[in-house]
Amino acid sequence: MSDISIRITGRAGRITLQRPQALNAMTYEMCLAIEAALDTWRTNPAVDLIVFDAEGERAFCSGGDIAELYATGTQGDYAYGQKFWADEYRLNHKIFQYPKPVVSFLQGFTMGGGVGIGCHGSHRVVGESSQIAMPECGIGLVPDVGGSLMLALAPDRLGEYLGTTGARMNGSDAIFAGFADVYVPEAGWPDLIAGLETTGDVSALDAAAITPAPGPIQNRMGDIDRHFHGRTLGDVLTTLRQDDSDFARDTLKAMGRNSPLSMACAIEILHRLRGPSLSMEKALDLEYRFTARAMEHGDFLEGIRAAIIDKDRSPKWQFADMLVPTSAVSKMLMPLKEMALKLGGTGMKIGFIGLGNMGAPMAANLAAAGHSVTGFDVAGTTAKGVAQAPDAEAAARDMDVVITMLPNGTILRDVTATIIPAMRSGATLIDCSTVDVESARAVAEQAYAAGLLAVDAPVSGGIGGAAGGTLTFMAGGSADAFATAEPLFDIMGQKAVHCGDAGAGQAAKICNNMILGATMIATCEAFALADKLGLDRQKMFDVASTSSGNSWSMNAYCPAPGVGPQSPADNDYQPGFAAELMLKDLGLSQQAAEAVDADTPMGARALELYRAFVEDEDGRGRDFSAMLPRFERRGRG
Ligand code: NAD
């Protein structure tokens with residue numbers, strides 16, 4: 001297609017808009033071509049990042065190509081426009097949640113549909129000529145393409161001002177408003193792009209960035225906040241009309257050109273978005289409620305007629321007196337029910353094998369976040385929102401990502417021997433079980449040989465962390481594999497550390513848990529000794545938790561009942577983290593130490609003690625901190 005160039009250059013997936021004669025306005029075909037490229041590059045290990053740019057000096061992209069919409073809408077065909085917007089919003093959403101860096105270079109005009117592709121990536125670059133705006137109210141739409149999310153997040157009431165006036169932001173103002181990230185003088189852009197292509201490394205952007213002087217909009221924030229504080233369009237107009245300043249006069253003039261119904265709905269959308277449930281999905285859903293009705297019930301067709309068909313610039317808006325009844329706003333923003341925007345299919349297709357205590361809530365969290373998850377467990381267990389596959393192979397076939405959460409390395413090797421041949425080339429295998437380093441590396445080798453990406457990503461945080469989506473992931477594997485997995489870690493957890501190559505995640509997990517096993521034993525034996533020395537446990541805690549004896553075992557998971565924060569000790573040592581799981585992890589650390597000839601005497605002793613506790617005493621089924629009552633009962637003999 002000559003309107004757009006899509007290619008891989010070096011490490012970069014490259015997209016160049018090349019319709020400079022039309023200010024790079026986006027056609028439907030361009031939109032679909034970009035989406036197809038992003039889908040392919042998502043799991044292509046040759047692509048480290050995406051770089052968007054555009055030909056010509058005047059515009060990155062001035063908006064969507066709306067002539068076709070007018071032609072169909074005036075024939076009474078509203079379905080074409082509805083499909084166009086739904087497909088465009090799906091692309092905007094994909095860019096917003098893309099697992100690899102997306103860099104865009106925004107010279108000249110970036111407006112409307114241009115914001116939708118240029119301003120949702122991870123690294124948005126502006127320069128001297130940049131002018132960014134959401135002017136949709138001028139053609140009878142509302143700020144859309146996910147722009148309402150940025151407007152709702154902009155400082156104070158800047159969102160209402162930008163959305164209703166369509167005011168243009170220069171580069172500095174765009175950064176201030178949250179539509180851009182870095183300002184780089186445009187003369188440096190070609191070299192910067194060449195560097196990104198060669199290295200795939202976005203850190204060059206910060207190195208090239210300069211801090212621009214505050215823009216004119218930022219300097220007017222006092223006026224903006226004061227006048228746009230109202231709940232409705234009427235409130236805003238009332239305060240502006242009572243003010244005879246230049247700002248109020250210019251603002252009223254700009255708003256006087258736009259559709260009153262659109263402006264009233266734009267303000268309402270921002271009010272509905274702000275608050276705890278603010279999300280890109282909600283923003284697009286509300287925008288689509290309006291745009292899906294805009295041809296039939298809104299001012300959209302009249303707006304285009306006046307702007308680009310008859311070019312008389314005298315649109316005959318509904319509610320031209322600016323008195324827009326609440327009922328008209330509600331009608332435009334009512335839920336669309338079965339016609340509602342469906343972003344489904346934008347998420348990844350995920351297979352999840354092992355739906356036990358940990359796996360089931362992790363899979364449910366992925367499904368709740370909009371991914372299409374298919375699960376399998378030999379025990380027949382299921383998880384909320386997760387489709388059930390008849391076997392492991394079926395849960396892995398054609399998936400973008402397959403996650404395993406299994407009891408041990410032997411089972412993991414059995415399962416991966418079945419699923420790896422069924423997975424499609426370029427897909428990613430993420431193992432979250434705690435297993436031996438050797439099994440993790442063997443599975444990764446097998447996956448690489450089959451053309452897959454692989455990450456070992458054991459977790460910390462227990463069943464509570466799995467249910468609450470607050471796990472910590474320690475990951476091993478290539479940077480590409482980690483980048484693909486990271487958005488999923490963000491859903492299932494609150495922190496993910498890329499520890500190194502294959503096996504590094506498991507190595508970090510067993511080293512961490514070796515420290516944990518040894519410090520828990522040391523903490524328990526210190527409390528038992530303190531008891532025999534007649535020291536009060538609370539005093540012991542007060543000293544050790546704030547002295548060099550402090551550790552996670554002492555401070556966060558104190559093994560003494562009634563002392564320190566709530567822990568399994570306060571619940572008769574019900575696990576928490578079972579002693580036999582600690583025994584398994586200490587076994588893994590000693591197995592690894594053996595393999596690489598590392599001297600780990602404390603780890604070895606901790607293993608002996610937990611083995612005796614679990615296998616010969618009453619430790620099985622108790623929390624690993626129940627070592628304290630064990631020591632209490634014993635003497636030195
Ligand atoms: P679990 O026993 O509850 O779950 C494991 C699941 O795997 C079971 O449902 C089992 O039926 C299934 N399974 C076994 N063989 C299978 C096969 N061949 N195909 C498909 N499914 C199979 O264990 P969990 O507590 O969920 O732990 C899972 C992993 O996470 C373990 O490696 C564990 O060490 C680790 N881990 C657990 C915790 C925790 O607090 N429970 C914390 C961190 C890490």
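Predicted model: local features only at pLDDT ≥ 70, side-chain atom pairs only at ≥ 80, totals over all residues.

Q: Now to the strands. How do strand E1 and E2 pair?

A: Strand E1 (residues 4–9) pairs with E2 in the antiparallel sense, over six bridges. The two form a hairpin with two residues between them. Look at glycine 10 in that turn, where phi is positive at about 60°.

Q: Which sense of pairing joins E2 and strand E3, parallel or antiparallel?

A: Parallel: E2 and strand E3 (residues 49–54) pair that way over six bridges. Here you can follow threonine 16, whose bridge partner in E3 is aspartate 53.

Q: Why is strand E2 described as largely enclosed by the rest of the structure?

A: A residue counts as buried when its relative accessible area is under 20%. Six of the six residues of strand E2 (residues 12–17) are buried, so the strand is largely enclosed by the rest of the structure.

Q: And which residues of E2 are on each side?

A: The general idea first: in a regular strand the side chains alternate between the two faces of the sheet. In E2, one side carries Ala12, Arg14 and Thr16, and the other carries Gly13, Ile15 and Leu17. These residues are all buried, and both faces of E2 are covered.

Q: There is also a sheet of three strands. What is the order of its strands?

A: The order is E4-E6-E8, in an open sheet with parallel pairing. Strand E4 (59–61) and strand E8 (131–133) are the edge strands, since each pairs on one side only. Ignoring direction, neighbouring strands of this sheet are turned by 15° against each other on average.

Q: How many bridges join E6 to E8?

A: Three bridges join these parallel strands. One spot to look for is methionine 111, which stands opposite alanine 133 in E8.

Q: Let me move on to the spaces. How much space lies in the largest pocket, and which residues lie nearest its centre?

A: The largest pocket holds about 1,200 Å³ of space. Its lining has 43 residues, and those nearest the centre are Pro135, Gly138, Ile139, Ala307 and Arg313. Among the elements that give two or more residues to this lining are helix H3 (79–96), strand E6 (109–111) and helix H16 (300–309). H16 gives the most, with four residues.

Q: What kinds of residues line the largest pocket, and where does the pocket lie?

A: By type, the lining divides into 23 nonpolar, 12 polar and eight charged residues. As for its place, domain 1 and domain 2 both give residues to the lining, so the largest pocket lies between them.

Q: How much space lies in the second largest pocket?

A: About 1,000 Å³. It is lined by 36 residues, and the closest to its centre are Met358, Gly462, Lys509, Phe577 and Leu581. The elements giving two or more residues to this lining include helix H22 (462–468), helix H24 (504–532) and helix H27 (579–596). H24 gives the most, with six residues. The lining divides into 16 nonpolar, 17 polar and three charged residues, and at least three residues come from each of domain 3 and domain 4.

Q: Finally, how many cavities of 30 Å³ or more does the structure hold?

A: The structure holds one. About 80 Å³ of space lies in this largest cavity. Of the 13 residues lining it, Ala440, Ala444, Ala454, Val455 and Asp456 lie nearest the centre. The largest share of the lining, four residues, comes from H21. By type, the lining holds nine nonpolar, two polar and two charged residues.

Technical notes: Residues numbered from 1 in each chain as written. Heavy atoms only, no water. 1 Å grid on protein atoms, 1.4 Å probe; cavity = no way out; pocket = protein on both sides within 12 Å on 5 of 7 lines; lining within 4 Å. Points joined across faces, edges and corners; volume = space filled by probe spheres on them. Nonpolar A, V, L, I, M, F, W, Y, C, P; charged D, E, K, R; others polar. Domains from an automatic or database assignment. Pairing = 2+ DSSP bridges. Axes fitted to C-alpha atoms, helices over the stretch in contact; angles between N-to-C directions. Buried < 20%, exposed > 50% of the residue type's maximum accessible area, 1.4 Å probe, protein only.
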